[in-house]
Number of protein chains: 2
Amino acid sequence: MESRLINLLYRDAYYSASDDLSTKEKCIFASMKTEVDAVVLMNGTDPNLDTSFFYATGIPNGLFEGCIAIVTPKKTEVISSELEELSAVTSGVRTAVFESTEHRTKLLERKLRGYRAIGINARELTHANYLKIKKAAKGIKLLDVSQDIENARMLKQPDEIVRIKKACKIATLVADKIPEMVSEGDTETEGAAELNHMMMRLGATGPAFVTAVAFGASSAEPHYYPGQKKLRKGQFALFDFGAEYKRYVSDVTRTFICGESNPRQREMYETVLEAQMAAIDAIHAGVSGKEVDLVARSIIDRSKFRGRFIHSTGHGLGMSVHDPGAISYARDMVLKEGMVLTVEPGVYIKGFGGVRIEDDVLITKKGCQILTPCTKEFRSI
Amino acid sequence: MESRLINLLYRDAYYSASDDLSTKEKCIFASMKTEVDAVVLMNGTDPNLDTSFFYATGIPNGLFEGCIAIVTPKKTEVISSELEELSAVTSGVRTAVFESTEHRTKLLERKLRGYRAIGINARELTHANYLKIKKAAKGIKLLDVSQDIENARMLKQPDEIVRIKKACKIATLVADKIPEMVSEGDTETEGAAELNHMMMRLGATGPAFVTAVAFGASSAEPHYYPGQKKLRKGQFALFDFGAEYKRYVSDVTRTFICGESNPRQREMYETVLEAQMAAIDAIHAGVSGKEVDLVARSIIDRSKFRGRFIHSTGHGLGMSVHDPGAISYARDMVLKEGMVLTVEPGVYIKGFGGVRIEDDVLITKKGCQILTPCTKEFRSI
């Protein structure tokens, strides 16, 4: 009685995941090239969590450190700590609660009984937890199925696309407001504070990653963290940010100029913009990511900024900012309908600055849908 | 010449880590009970990063996915992707840049040559990366030294304490302003937006974790994520949040009442407050964390809220919110001078609500220093 009551009381605060649960199990097993009876996903301590645990279970809330999901083609079960019990139960996932790590091992042993082979997600499982699973899975074969899980996760399901679109919508609205939110003299962290604030006022759970606001020469560093630098006239101001919404994220970059730009800055911007738009134009289901990367890269390498585009054109996006999938010179991957990827060429000149323009796109049969349709004009702050 | 120039150009934007670098290597090897020539720390893809990579290298910026740190008693070297090169180099860490994963393996092989045994951090290393290190370390013994690393990280060094104190100071200032920032009718995510905004305006890089704002019955869930619930009169409003500052974090919880409290709510609050203050009073170097946990727990278990304190009294704090160390009934750990821990008893009643009061403390010889001295009065919003 009590737990039914809680369900009713909490229901409105939660995304009702139960409808989607079965589809994620189907997705994982449909793309499985290895024969396993179940997949065991186990979280370490934050930040070492397995994002596929949340993909498979659909649980939108909670941390779930040390918790385990056992996924079979028919059902997903969670072995949860008491701390996360409510999150698990109210998501409609079958849940067993462990009271101690020894108890957790026993529950896992019991649930794995009778299985001959289980899959693990080696790319997101800590080695320490691998050893724990191995111990509990006596006589059972452990096979790495992380590539199969990645293949499943690359093709976004309708409920995932809804959440990604919401995260993208939030970032789009924010991107267009940047010139009103940030001014000359503001520090990078102040700028980041304003962007995060607006994202959350629009319903984001939080920033998808450390909001990178980089002024001047710092914009040449792709994974920059904001500092106390103040925005000065003539500097690039690069904003790389995204919203998290029900565990799904967006990832947008826009580069502005403080005051007036000089010819070199304009040329950098125009080169990157041309490369980005050409890459987007080249995207459709069936094309190779390598080919799309080459479209963007060759535009930059034909310009005076040859060799200054030092990363891939794009990466998958979903439950994590670097989700499976890539538009990369280093990876021969065919783009498929339902994939969500970033398109983000850039040009970086050490000691001078960088320009990056990044959108998120959903691959369609004949092209792609731009999920972050904020302006790409070279705007001043 | 170019790289020296960049160093000068970028210096002011970075924390100069070079002074502390040698101390971290010393700390790791001083607490090493296993004989190894080096420790190899390797990051997976975000969020599966090894926080000890950043502890050992002291690098304050960047993501460093797929990057490797090789720590010996005398030096730390980083094998970095080009994306993070600038972050690594400007932090004063010896850096080799890899151009492809094959190149990374070759660099690692070369650097490990001549070693007989290397340590790995199994608790934060993915199993997939464990296999990569194993392959590169042909004929070299791989030994799990994660417990040794934890032991080193538990005792905070002066430079770490400076950063933790700054993160705590930010959270303290925010906690005291909550009644002015959040009002009846606001949603949980709006509340979280305001807290995060103020933290960042005060210099935080971002929130240390998803800012948990929980109204009413949701406050009974310790790891709650904020939703669209609106604050109503008579409800608890629980705020669990922290600031990240140069990779170090704070973690504070304060619980308020919207409007007037009823006797049951007051009794819950007073019980938790009594337990929290008694636990803090019981802390000093040399005491067992288990004993401190019992002090808090027995106060709650003597009250009508017996059994409603469903987690440990505290956890370590530092580069991650759940850093090594615990004040827990489940762990026999002696508290030592220089440890930083949370003290956070709570009472949770499903369907009704929860109260938690959390401070961060630095263990001293004779007691502890409260790093988050914000008011603990039962205040109304």
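Start by selecting B:Phe64, which sits in the loop between α3 and β2 (68–71) of chain B; helices (H or I, at least four residues) and strands (E, at least two) are DSSP runs, numbered from the N terminus. Its phi is positive, about 60 degrees, although Phe64 of chain B is not a glycine. B:Phe64 has 0% relative accessibility and counts as buried, where buried means under 20% relative accessible area, exposed over 50% and partly exposed in between (1.4 Å probe, protein chains only).

Before moving on, some ground rules. This is a predicted model, where local features need pLDDT of at least 70, side-chain atom pairs count only at pLDDT 80 or more, and totals for chains, interfaces and linings use all residues. Residues are numbered from 1 along each chain as its sequence is written, chains are lettered from A and ligands numbered from 1 in the order written, and side-chain values use heavy atoms, leaving out hydrogens and water.

Next, jump to B:Lys246, in the loop between β10 (243–245) and β11 (248–249) of chain B. Here is another non-glycine with positive phi, near 45 degrees, and B:Lys246 is partly exposed at 28% relative accessible area.

Now pick B:Asp46 and B:Pro47: a cis peptide bond joins them, with omega about 10 degrees. B:Pro47 lies in the loop between β1 and α3 (51–57) of chain B. Chain A has a cis bond too, between A:Asp46 and A:Pro47.

Zoom out and show both chains. Chain B superposes on chain A by a rotation of 180 degrees with 0.0 Å of shift along the axis (RMSD 0.0 Å), fitted by least squares on C-alpha atoms of residues with pLDDT of at least 70 in both. The two copies are thus related as by a two-fold rotation axis.

Colour the interface: 66 residues of chain B are in contact with 66 of chain A, contact meaning heavy atoms within 4.5 Å. Then highlight B:Leu83, B:His127 and B:Tyr225, which supply 12% of the area that chain B buries against chain A, more than any other three residues. Buried area is the accessible area (1.4 Å probe) that two parts lose on being put together, summed over both.

For a salt bridge, select A:Arg201 and B:Glu194, 2.6 Å apart, N to O; the cut-off is a side-chain nitrogen of Lys or Arg within 4 Å of a carboxyl oxygen of Asp or Glu.

Last stop: α6(B), whose buried residues include B:His127, B:Tyr130 and B:Ile133. Among the elements that the buried residues of α6(B) pack against are β5 (117–120) and α6 (127–136) of chain A.
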